[in-house]
Amino acid sequence: MSGAAIGFVATIVAAVTFFVLALLQLRRVTGASEPIDDDADGS
Amino acid sequence: MKDRPALEPQETTLARSLSEFDITMIGVGAMIGAGIFVLIGIAAGASGPAVMLALVLNGVVTLFTAMVYAELGSAIPEAGGGYLWVKSALGPSQSFLAGWMSWFSHAVAGALYAQGFGSFMQELLHQVGLSLPEVPVIGLDRWIGVAIVVVFLGINLRGASETGLAGNIITLAKVSVIGLFIAFGIAAIAGSPAESFDRFDPMFPEGFGGVLVAMGITFIAFEGYEIIVQAGEEVKEPSKTIPKAIFKSLIIVIPIYGLVAFTAIGAVAPEGGQPTWQFLGEAKELGLAEAAARFMPAGTIIILVGGLLSTISALNATTYSSTRVSFAMGRDGTLPSAFEKVHDRFKTPYVALAATGVLIIAMVISVPIEDVAAAADVMFLLLFLQVNYAVIKIRGEMGDRIDYGYRMPWFPAIPIIGIASNTGLAIYLFFYSPLGWAAAAGWIVVGLLVFYAYARGRAEEDAAPQITFERKRGTRAEETILAPVANPDHVEAVVGVAIALARQRDAEVVVLNVIQVPPQVPMSAGRARTSEAEPVIEVVEEISERVEDVTLNTVVGIGRRISSVISEVAERENSHTIVIGWHGHAHEGRVRGSVAQEVLLGAERDVLLVRDRGLPSRVDRVTAAVSPGIRGPDTTRTGVRLAAGFDADLRLLNVVAAGSGHAEEMEAWLEDVRDDLFADEDEDQTGQRLRRHRISTEVIESDDFVRAVRDATDEPELLVVGAARDWYRRDNLVGKVVDDLTNRADNTVVVARPYEPRPVTWWRQLLALLRGRRRDRSRLS
């Protein structure tokens, strides 16, 4: 495998990683948020 | 509704008018622009064709810190962003440093854009055939850079800023220019694919280290999402919109960056067989323009015009933001008050603007462009490092008390990865630009000197709790019971328990209402908010009229941290006991992130947590759920005191497992506990407070402790239970059983935690010493 091929594969892997991570986060925002308990302090 | 006491905006707020599309475009516009126009050539020279990998990897690294910004931006959507969060979470020295670095990083970024503008303008003049005069000392491009800085200082002084339509047009123009570059580049590559791909070999002429350097150099082109958070106060539905805009803008920008790098390398055939990356590297900030000349009609001029627009808008934005940071520091008192001076006519902070201008011009004149870029990158990396640390602290301390529109996964791994990657890139930049690093480090050293010589005292003065209202009704008793209250609905219960305790101790009750002053609001402005305590004061007045035998004093304090004000007032009022409300917690045995937690952990006093479910007007019986495991004797004593205070009966209740055969044994133990109350050697003579016949004992056989206690208690009854002995463990402050009982009981529950000194270790001694010093410095009088 030439250096250029390694570079392209690495770039594609990085790009896929970026997109998967970013889209997952976007889904996390738009999807139902985790239940958050009400620990309001009554003091 | 959740409490958001720490960071609620208190002063004027801006209109929430920006939609998700608007704010996403602001983020895209902030990123696609000057950074990529100016830096792509320099980065290609540092890394070779792998510059495209560097840009995409930077996207991944950026995403980690972007998640942090998304979480905090969704939870605390206020102008100030990173600086504000660091100030909230990490205290005065770190926040000063964050502001100081933020000021510098934006100013240096401004210098980079001014230099880029100078180069682009010089080249454009050359391209259109204008003969350029020789200029002394520094090159013409630098003089043009200085001139444009002066122009924008003037514009900023007059208060004009790029907003609305003009901003959108400029963003559209920038993206169009980049789009044309990519389109023509891909067409050129498609025309001769084999030759184009040959230009990527060798991919890593400078090794992988070169990729890291290129990542560091171009980092500034990725930080535009910060602007999304800065505009947080003007966004509709910020808790969802801000994180969405951050991720969407990155999803738009990263592929564009990757394609720009791909086409810049693949589509350009320099003369003489020179490798493309070298050619771009030698062209430096003109790399993109030189590349466009090779495959795009009028490419150089189009790119130069795009670059000029980008650098102008970026220079305007950075001049504005760095001026505002130094102005805010002047207002906070951490920079001399001259920085907060506002021009009479233009209403702009002219001293902060002038200081920022001097900083920008000094960098434009004296530092080469790649070192200016490195200095700005280092500063942003260090600033983001602080923000990553701040999120760990904020999540840990505020926990679930904040409404999150977005919560990052894998916490705290994400901010830790962010810290590690930002540190790594910052370190690598040192090898690329020692001068840029020296400028950044020099600025930090000067900042530390300023902090310790000037700002620290001001910051501490600013942070010290203050009493803003006081109503003393009686002669001062030897002892007081401190009852900090915030919610008028719970005043009856908390103060009621405090009165019962005070009644049989001849003590007075000090009812304290603390108004938390958010970090972005000066303490002087916090004093004006004393009137917010009125609802609480009214309820205390009502109680005071009813209760004749116990004196109620009212104190209103303001401070940055509620628990610190409580500690200071407890010290001042000689309160051995603090009675504080608590809403319980849904998680196992935790009181995380609440004022009650901080008081439990920090107060070297007896603490009674009151889980209010309505205190009956007449308490007939106090039930103390006692067992050897949860402070049986201590709980009993608290039960006696409260029963005596309420003039109620006391029942000592224990639950043993059904069929275990321990009922008799436990009954005997309860009898012993009761007898101990009346033993001669009981110095406190607790038992004397209540007649023996009013104390009953009861053992219930059940496999469910909580249910048994709940079923055995009547409505007008107060339930007392002891906190687990290992309360000092952060994750187990009252104990799981107690926590369950508190959450599931129908009656008001009092959780008693008598103070007991923890084993003294060397680090605790050190902490105590530091605490003592801090207390000495307190301005509370």
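Let's start with helix α10 of chain B (residues 238–266): its 29 residues should span 42 Å at 1.5 Å a residue, and the distance of 41 Å between its end C-alpha atoms agrees with that. This is a predicted model, so please read each value below as computed from it. Chain B as a whole holds 27 helices and eleven strands, and 56% of its 781 residues are buried.

**Helices**
- Helix α10(B) is mostly covered, with 23 of its 29 residues buried.
- Helix α3 of chain B (residues 51–75) has 25 residues, and its first and last C-alpha atoms lie 35 Å apart, close to the 36 Å expected at 1.5 Å a residue.
- There is a bend of about 30° in α3(B) at B:F64.
- Burial in α3(B) takes in 25 of its 25 residues.

**The sheet and its neighbour**
- Eleven strands of chain B form an open sheet with mixed pairing, in the order β1-β4-β3-β2-β5-β6-β11-β10-β7-β8-β9.
- At the edges sit β1 (466–471) and β9 (695–701) of chain B, each of which pairs on one side only.
- From one strand to the next, the twist averages 25°.
- Strands β7 (residues 621–625) and β8 (residues 649–656) of chain B run parallel and are joined by five bridges.
- Within this pair, B:R621 stands opposite B:D649 in β8(B).
- Helix α25 of chain B (residues 705–712) packs on the sheet, where it touches β7, β8 and β9 of chain B, and its direction makes about 150° with that of β8(B).

**Cis peptide bonds**
- B:D201 and B:P202 are joined by a cis peptide bond with omega about 0°; B:P202 belongs to the loop between α7 (193–198) and α8 (207–218) of chain B.
- Another cis bond runs from B:F411 to B:P412, with omega near 5°, and B:P412 lies in the loop between α15 (369–398) and α16 (413–432) of chain B.

- B:K284, a residue other than glycine, has a positive phi near 50° and is found in the loop between α11 (276–283) and α12 (287–295) of chain B.
- B:K284 counts as buried because it has 20 C-beta neighbours inside 10 Å, and a residue with 20 or more is buried.
- B:A298 also has a positive phi, near 55°, and its place is the loop between α12 and α13 (299–332) of chain B.
- With 13 C-beta neighbours inside 10 Å, B:A298 counts as partly exposed.

**Contacts along the chain**
- Of the contacts in chain B with a separation of 6 or more, 83% are between residues 24 or more positions apart.

Note on methods. Residues are numbered from 1 along each chain as its sequence is written. Chains are lettered from A and ligands numbered from 1 in the order in which they are written. This is a predicted model: local features need pLDDT of at least 70, side-chain atom pairs count only at pLDDT 80 or more; totals for chains, interfaces and linings use all residues. Helices (H or I, at least four residues) and strands (E, at least two) are DSSP runs, numbered from the N terminus. A residue is buried if 20 or more other C-beta atoms lie within 10 Å of its own, exposed if 12 or fewer, and partly exposed in between; C-beta atoms are placed from the backbone. Two residues are in contact if their C-beta atoms, placed from the backbone, lie within 7 Å. The expected span of a helix is 1.5 Å times one less than its number of residues. The bend at a residue is the angle between axes fitted to the seven residues ending there and the seven starting there. Two strands pair if DSSP finds at least two bridges between them. Axes are lines fitted to C-alpha atoms, for helices over the stretch in contact, and angles run from 0 to 180 degrees between N-to-C directions.
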